[in-house]
Amino acid sequence: MNRVYFDYAATTPVDPQVERKMAPYFSLEFGNPSSIHLLGQIAEAAIENARGIIAGHFNSAESEIIFTSGGTESNNLALRGVGLAQKLAGKNHILISSVEHPAVSKTALQLQNYFGFDVEYIPVDSTGFVDPEIVSQMIKPTTGLVSVIFANNEIGTVNPIESIAKVCHEKSTIFHTDAMQAGNFYKLNCAALQVDLLTFGGHKIYGPKGIGGLYIRKGTPFISTQTGGSQEFGFRGGTHNVPLIVGLAEAVDIAQKSVQKNSERLVPLRDKIIETVLKTIPRSQLTGHASLRMPNHASFAFESVNGNNLLSLLDHSGYACSSGSACKTGSPEPSEVLIALGLESNWALGSLRVTLGKNTVLEEVENFIQALPGIIHNARAYF
Ligand SMILES: *Cc1c(COP(=O)(O)O)cnc(C)c1O
């Protein structure tokens with residue numbers, strides 16, 4: 001059977017060009033960048049070249065780019081690193097949106113439950129959009145950090161990052177955004193966005209898994225949470241993963257150079273899916289914002305459908321899709337993000353996420369939208 005991949009928000013295949021760039025650094029140029037000898041210098045040069053490529057796209061200083069093991073670690077590092085430093089300065093209040101990835105929301109929850117932080121959740125509208133005005137109203141003199149997701153992995157909504165950063169600075173607090181999903185479609189120009197911290201990573205942008213980074217604006221209050229060697233300017237100890245860092249930079253470079261092309265190609269395919277599904281499937285609704293959404297992202301809720309059951313039926317028909325976040329597979333609980341939008345649980349349980357990518361072609365989309373109504377009908381029979 002022909003297998004169709006519609007789950008690019010969960011992960012992407014590594015671009016062949018990225019794979020080629022990484023290859024020499026596994027065995028040929030295997031040095032430790034911290035070593036003094038030539039092999040070490042070659043590895044160090046590769047790391048610093050990678051950092052330079054990313055800093056170029058982010059319009060930042062090279063010393064503002066820190067490599068980590070991925071989006072989860074970057075979000076942990078941002079919240080803990082800034083949170084702890086700000087708490088020492090008497091600011092223990094943290095604001096996060098109510099639609100964050102668990103790497104942000106669970107970290108904030110732990111800081112609240114075990115480390116004396118006061119965490120509050122910024123409400124979103126029914127499309128998952130964060131209003132900068134509400135953020136501004138919620139900031140207190142003790143607010144040490146605000147974190148709002150750039151592009152939502154589950155519902156595709158894209159937030160007004162620049163405006164949120166602006167209100168944070170007006171009220172003298174620090175702003176972090178999780179931009180793991182954003183790199184294929186939006187310029188991550190940190191200077192223009194005015195963010196203080198930005199999470200990015202490899203495997204959602206055709207780079208390798210297990211590698212990511214954090215932009216930390218110079219002067220941001222910060223305490224390292226992974227202590228050890230003096231790598232990464234003391235922000236994050238540990239021997240560098242040289243091949244993956246090289247791959248990450250190549251992936252960032254390709255993604256950032258093709259944001260416009262990626263959008264132009266995928267928006268019509270995305271819109272075809274959204275329009276057809278809403279027209280042909282009764283008791284269906286779009287989740288997330290109608291226009292302020294990622295160009296590759298279509299997400300829905302269907303009344304009286306078990307989402308996991310739907311995913312199995314789709315899988316049997318050859319379609320790899322997702323409901324909400326990949327981490328929630330197997331859990332019968334409605335997603336917290338969909339609940340935050342105000343969906344009733346008999347809708348929130350029936351969520352479907354269809355995300356497109358570089359290998360998606362029109363024919364796959366056409367076949368899918370033809371098959372889906374029958375599959376939803378079958379899923380409803382089981383409910
Ligand atoms: C995938 C993802 C993460 C986690 O990144 P990993 O590299 O898989 O740890 C965090 N936030 C968002 C928005 C994501 O899409």
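Is helix α9 mostly covered or mostly uncovered, and how many of its residues are buried? Before selecting anything, bear in mind that this is a predicted model, in which local features need pLDDT of at least 70 and side-chain atom pairs count only at pLDDT 80 or more, while totals for chains, interfaces and linings use all residues. Residues are numbered from 1 along each chain as its sequence is written, and side-chain values use heavy atoms, with hydrogens and water left out.

**Stop one: helix α9.** Select residues 242–257, which form helix α9; helices (H or I, at least four residues) and strands (E, at least two) are DSSP runs numbered from the N terminus. Of the 16 residues in α9, 15 are buried, and the helix is thus mostly covered, where buried means under 20% relative accessible area, exposed means over 50%, and partly exposed lies in between (1.4 Å probe, protein chains only). From its first C-alpha to its last, α9 reaches 23 Å, close to the 22 Å expected at 1.5 Å a residue, the expected span being 1.5 Å times one less than the number of residues.

Now select Phe 222, which lies in the loop between β8 (212–216) and α9, and which is buried because its relative accessible area is 15%. The phi angle of Phe 233 is near 55 degrees, a positive value in a residue other than glycine.

**Stop three: Arg 283.** Move to the loop between α10 (259–280) and β9 (284–286), where Arg 283 is placed. Its phi is near 50 degrees, again positive in a residue other than glycine, and Arg 283 is partly exposed, with a relative accessible area of 43%.

**Stop four: the ligand.** An oxygen atom of the ligand is 2.6 Å from an N or O atom in the side chain of Thr 72, and a nitrogen atom of the ligand is 2.6 Å from an N or O atom in the side chain of Asp 178. A polar side-chain atom of Gln 181 lies 2.8 Å from a ligand oxygen atom. Taken alone the ligand exposes 380 Å², of which the protein buries 87%, with areas from the Shrake-Rupley method and a 1.4 Å probe.

**Stop five: Thr 177.** Thr 177 lies in strand β6 (residues 174–178) and counts as buried because its relative accessibility is 0%. Its side chain reaches the backbone oxygen of Val 148 at 2.7 Å.

**Last stop: the whole protein.** Zoom out to see 14 helices and 12 strands, with C-alpha atoms that fill a box of roughly 65 × 50 × 35 Å along the principal axes. Buried residues make up 57% of the 383 residues.

Conventions. A polar contact is a pair of N or O atoms within 3.5 Å; within protein, one must be able to donate a hydrogen and the other to accept it, and residues adjacent in sequence count only if both atoms are side-chain atoms.
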